[in-house]
Amino acid sequence: MVKLTRLVGDCDEGECPTLYATDRGTLAVQGGLLTDHGREIPPHEALVEVPVELIRKAVRGNLV
């Protein structure tokens with residue numbers, strides 16, 4: 001199982017857009033699932049939507 005470390009999020013708990021570091025040296029993003037995008041996405045992938053400010057916070061904090 002992949003280990004997630006919370007870097008930054010839009011709220012302190014629960015179901016909010018969040019950016020995580022993994023123990024694989026990658027990033028994982030939690031956000032709202034986009035289904036009305038008109039793109040062909042492979043079954044093993046998904047598009048999620050996160051606020052731009054979430055990424056800015058991570059960059060400003062030197063988290064990524």
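**View 1. R56 and E53 stand three residues apart in helix α1 (residues 52-60), and are therefore separated by about one helical turn.** Helices are DSSP runs of H or I with at least four residues, strands are runs of E with at least two, and both are numbered from the N terminus. The model is predicted, so local features need pLDDT of at least 70 and side-chain atom pairs count only at pLDDT 80 or more, while totals for chains, interfaces and linings use all residues. Residues are numbered from 1 along each chain as its sequence is written, and side-chain values use heavy atoms, with hydrogens and water left out. The side chains of R56 and E53 form a salt bridge, with N to O at 3.9 Å (a side-chain nitrogen of Lys or Arg within 4 Å of a carboxyl oxygen of Asp or Glu).

**View 2. The structure holds two salt bridges.** R60 also pairs with E53 in a salt bridge, the closest N and O atoms lying 2.5 Å apart. Through shared partners, salt bridges join E53, R56 and R60 into one network. R60 is exposed at 56% relative accessible area, whereas R56 at 47% and E53 at 31% are partly exposed (buried is under 20%, exposed over 50%, partly exposed in between; 1.4 Å probe, protein chains only).

**View 3. T18 lies in strand β2 (residues 18-22).** T18 is buried, with a relative accessible area of 3%. A polar atom of the T18 side chain lies 2.8 Å from the backbone oxygen of C16. Beyond its neighbours within four places in sequence, T18 is in contact (heavy atoms within 4.5 Å) with residues including R6, V8, A28 and L54.

Notes: Polar contact = N/O pair within 3.5 Å; in protein donor to acceptor, adjacent residues only side chain to side chain.
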